[in-house]
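Dear colleague,

I am passing on the structure below, followed by notes on what was found in it. Please keep it open while you read.

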Amino acid sequence: MKEKTRNEKIKNVQLTMFGTNEFPTYEEIVAEYSKEFEKYVIPKGDNIFGFWMQTLADLELLDLELQGLADWYKIDPIKRNVELKGDIETIRKRIAHLEIVKGRRTLYTDFIDLYGDTNAYAFHNLYPYKGKFYPRVVRTLINAFGLKEEDTILDPFNGSGTTTHEASLMGIKSVGIDITPMGVMLARLKNELLFLSYDDLNFSFEDFIEILKAIHSKNWSHHNKTIENLMLVIYFDTIDAFSRTTRYNKKGKEGLFIEKFMYIKKCYEKLIRLKEKWELKFVKADIYEGDTLELKNKHPNFKEKFDAIITSPPYYFSIDYVGKDKIAYEYLGVNMKEIESKYLGMKNTLSKKKYGNLPSKVILYYEDLRKSIENMFWALKPGGKIAIIVGDSTVGGKKIPTTMMTKKFCEEVGFKFKKLIFNPLLGARNRAIRGESIIICEKAK
Ligand SMILES: C[S@@+](CC[C@H](N)C(=O)[O-])C[C@H]1O[C@@H](n2cnc3c(N)ncnc32)[C@H](O)[C@@H]1O
């Protein structure tokens with residue numbers, strides 16, 4: 001009798017994933033697990049950490065940001081939340097390490113959700129320029145330095161314009177300088193795309209085929225220079241991708257070109273949505289092609305002009321910055337050797353100075369690095385702040401101590417050293433560089 005009742009009961013119970021009725025159902029396990037998960041893993045509170053915060057460096061960066069943005073704050077690294085006081089709307093619009101502020105999403109959370117990446121938002125992913133740095137770090141430093149709309153930032157090694165683009169998105173003026181025409185072209189393009197009208201991005205399949213033909217035969221021009229350059233950059237990227245792998249053969253060059261264009265168009269659409277939602281005001285940056293070592297001669301008006309500098313000089317021989325853009329330079333008829341010779345540490349002279357037993361090529365690089373830091377000191381206003389992002393490369397098994405040399409040069413030219421944050425490069429393929437350091441200094445008032 002007892003047995004019968006049990007069998008009847010079993011008939012009414014859903015079958016479990018193990019095919020028996022002895023255990024809770026699969027759905028029950030998942031429901032229970034979710035409750036547990038939420039209890040332990042999802043942070044609670046009004047102001048919570050971004051899920052993208054993974055390292056100790058992220059914690060330090062959050063701390064820096066709050067120093068610049070909040071009136072008062074207390075970070076709880078275990079519960080992954082923060083207590084804070086201050087101008088909540090500004091914090092929500094600016095902060096790069098919190099997902100929720102006073103119970104509401106931050107702009108940065110919107111960027112990540114919409115673009116599906118912590119760094120590829122707006123036009124930051126326009127082109128895979130070598131040595132690009134993370135927009136999140138730039139945003140953090142702008143916040144840490146407490147920069148406002150009336151301030152101006154300089155990046156004297158602006159590359160593809162991560163600093164200038166991020167500053168533009170935050171409504172802050174900036175100036176970028178780089179020696180490579182490709183970097184300058186990209187930084188300008190990111191600038192201009194912010195102010196393009198949507199209709200300018202309407203092209204049919206036939207248009208694309210014509211455009212590709214024209215570029216291929218070097219007959220490409222367009223009345224709108226932004227469109228002209230955008231198509232060129234997408235073309236370079238397409239050809240480069242083709243030269244590296246056979247993966248795209250099925251799509252064909254045309255298919256890949258159109259796909260890349262559509263990606264940029266989507267980036268534009270998303271940005272406009274966020275611009276409206278958050279009432280953002282974009283500001284254009286000034287981009288110059290030039291040698292940072294000649295800053296004083298070429299830009300005498302830059303003396304004590306800038307409120308902050310955020311920059312990353314080329315690392316000693318770790319990356320072939322110019323060679324990477326070979327396709328573009330060959331197409332544009334630019335002499336790569338000439339650009340390379342103006343690169344930090346690439347002059348054809350010999351150094352008279354000695355730094356221990358470092359090879360003379362490294363010394364040459366350090367001399368240039370020191371001079372560039374001297375020029376940065378000259379360009380910064382008294383009371384101005386500077387962040388230099390550097391990494392130690394390993395050459396022939398020997399570590400080149402660029403981080404410590406950079407700190408030393410900063411102090412020698414007159415800066416007051418404030419902080420060094422080591423940011424490990426997680427999962428980096430290039431094991432010659434294990435991580436980067438952010439060196440923060442100040443110029444006395
Ligand atoms: C680490 S990359 C900076 C990349 C940049 N932060 C970005 O996000 O694209 C260093 C840059 O320094 C530039 N550079 C090297 N020597 C230079 C010089 N003497 N004057 C100006 N720029 C130079 C290189 O062209 C390169 O773009």
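A polar side-chain atom of Asp 291 lies 2.9 Å from a nitrogen atom of the ligand, a polar contact being a pair of N or O atoms within 3.5 Å. Please bear in mind that this is a predicted model, in which local features need pLDDT of at least 70 and side-chain atom pairs count only at pLDDT 80 or more, while totals for chains, interfaces and linings use all residues. Residues are numbered from 1 along each chain as its sequence is written, and side-chain values use heavy atoms, with hydrogens and water left out.

Asp 178 places a polar side-chain atom 2.7 Å from an oxygen atom of the ligand, whereas Lys 342 has a polar backbone atom 3.3 Å from a ligand nitrogen atom. The protein covers 100% of the 600 Å² of accessible area (Shrake-Rupley method, 1.4 Å probe) that the ligand has on its own. Of the 24 residues around the ligand (a heavy atom within 4 Å), Tyr 129, Ser 160, Thr 162, Asp 178 and Tyr 343 come nearest.

Elsewhere, 7 strands form an open sheet with mixed pairing, in the order E8-E7-E6-E9-E10-E14-E13; strands are DSSP runs of E with at least two residues, numbered from the N terminus, and two of them pair if DSSP finds at least two bridges between them. Strands E8 (286-289) and E13 (416-424) stand at the edges with a single partner strand each, so one side of each is left without a neighbour in the sheet. Strand E6 (residues 152-155) pairs with strand E9 (residues 306-311) in the parallel sense over 2 bridges, and Leu 154 stands opposite Ile 309 in E9.

Key. A polar contact is a pair of N or O atoms within 3.5 Å; within protein, one must be able to donate a hydrogen and the other to accept it, and residues adjacent in sequence count only if both atoms are side-chain atoms. Helices (H or I, at least four residues) and strands (E, at least two) are DSSP runs, numbered from the N terminus.
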